[in-house]
Amino acid sequence: MTTRRPPWALAGVLAGCAGLATSYATAMVLTIRESPLVAVAELVIRLTPGSLAERAISVLGHLDKPFLVAVILLLLLALFAWAGRLAARGWWQPTLVWLALAAAGLGAVAAQRGAGVVDAVPVLVGLMTWIAVHSALIDALRREQRRPELESRERRVFVMVAGVVAVASVGIAVAGRFVGAGRRHVEASRRLLRIPGVTRREPPAATSIGVAGVATWQTPNEDFYLIDTTIAKPTIEPDEWSLRIHGMVERELVLSYSDLVARRMTESWITLSCVSNEVGGGLVGNARWSGVRLADLLAGLGVDPAADCVLQTSHDGWTCATPIEALTDDRDAMLAVAMNGRPLPIEHGFPVRTVVPGLYGYVSATKWVVDLEVSTFADSMGYWTDKGWSELGPVKIASRIDVPRSGDDVEAGQVTFGGVAWHQHTGVEAVEVQVDGGSWQRARLAATPSVDTWVQWAVDVDVAEGDHEVRVRAIGKDGQTQTSVVRAPDPDGATGLHTIGIRAS
Ligand SMILES: Nc1nc2c(c(=O)[nH]1)N[C@H]1C(S)=C(S)[C@@H](COP(=O)(O)O)O[C@H]1N2
Ligand SMILES: [Mo]
């Protein structure tokens, strides 16, 4: 019986493809825009000199990207085969290849616009797959090498393992694609949607304090912070959406999407913030929301006066209980269908979410909302309240220094400080800045259309050479001065004054 050379290269290729499949599927399931492979292709495009890229586009037309992906895929297959062959000499050499490939993938992913920690997950899943599958295949091959007399039987083991890996890879990639396709479909419906009564407006000019480096008064949708408990974002077609309002009401109501948007539309600028926002943090944004006022909807239903909350449930099963008062008083609490003049982005709750001025998101801002049960706090428990967070979640008065940044070097002399402050549904009366524990200096404030948004502030302060500590505080229209007492976000929102260190020279 002649000994055949073990198919080392094949094992490498199979392991490599398995890793690509799981990383692709992970990206699809997490609804990350691009798989690591495509991220690499995009990075190559970005690093390609403009003239060369233009020539490639003129030759290949719109096939330039698929062509590039195919070329990278071929290169990868060659590398996979090489990694496989290295395994004949020991386990660590192929491992180095996998690590190097993963590092390249991570680099490409990190280079993408707005990349976050989640975007690394598909690469790590792919890396783990590479190493696990490859070592399983190497194992099978080694056993076969050690016992040549049993070669045909051991070979069967290898073929079986390899077959399972191949089938599983295809299955995983197809499943991932399927999930991704659902999202693409909804994304297409979303883009085509024109909602009557939804308008696009520039922010009023007076809302800008005109200082570079201060967060824009209107937060663009793609820069708006994202917080939710989902892994894959719910993808709901508007025709499939409905909302049931029930519980302590005389008449129940089931609304379809078209029922909802046929009602009178309200549009207002509202700041949304997260209870987990640290002092000085970025879990806050300001957008123009369009939707239907909840007060109008509830008014027709005969709400039991004994009800004190509305238990909201999202499509993915997340819940929160919102004080009914905030949904029925004169503020613009709404079922929002649009954000900054466009249908809600999928990750911000498409097709319908709740927005309530003055309350943190965790007790009010249900994305993908599908059920409202008028109830009592005694009978209702929201997702975060159940985990020990406060039952009521009014937004605390807050202020932030955006410019200069902590750690910046500035020129000694007159320095302009600027930032944002909010005391939602009450309003900010003043903002003050203090250098090195000295006297508090009043900042100038930009305008706001209502008390439900943040306000930009700025102040020019004389700063001597040296290191300085600068703090900011807001004073509310109710006379409340923001406290300097430091408290963690848990259970009802952080307190303390945003403080930065700068060096003037
Ligand atoms: N379905 C659902 N809605 C949700 C959440 C969630 O986890 N699931 N998180 C809430 C929290 S804690 C906040 S701060 C806001 C954030 O909204 P955004 O991601 O649109 O900024 O959504 C709220 N709505
Ligand atoms: Mo939140």
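At what angle do helix α1 (residues 8-29) and helix α6 (residues 121-146) pack? Hi everyone, that is where I'd like to start. This is a predicted model, where local features need pLDDT of at least 70, side-chain atom pairs count only at pLDDT 80 or more, and totals for chains, interfaces and linings use all residues. Residues are numbered from 1 along each chain as its sequence is written, chains are lettered from A and ligands numbered from 1 in the order in which they are written, and side-chain values use heavy atoms, leaving out hydrogens and water.

So, the answer: about 155°, with the axes 7 Å apart. Axes here are lines fitted to C-alpha atoms over the stretch in contact, and angles run from 0 to 180 degrees between N-to-C directions. That makes α1 roughly antiparallel to α6, a word used for angles over 145 degrees. Helices are DSSP runs of H or I, at least four residues, and strands are runs of E, at least two, numbered from the N terminus.

Finally, the open sheet: four strands, ordered β11-β13-β17-β16, with antiparallel pairing. β11 (398-403) and β16 (444-445) each have a single partner strand, so one side of each has no neighbour in the sheet. Pairing requires at least two DSSP bridges; β11 and β13 (residues 413-422) have five, and Ser-399 has Ala-421 in β13 as its bridge partner.

Terms used:
Angles under 35 degrees count as roughly parallel, over 145 as roughly antiparallel, 65 to 115 as roughly perpendicular and the rest as oblique.
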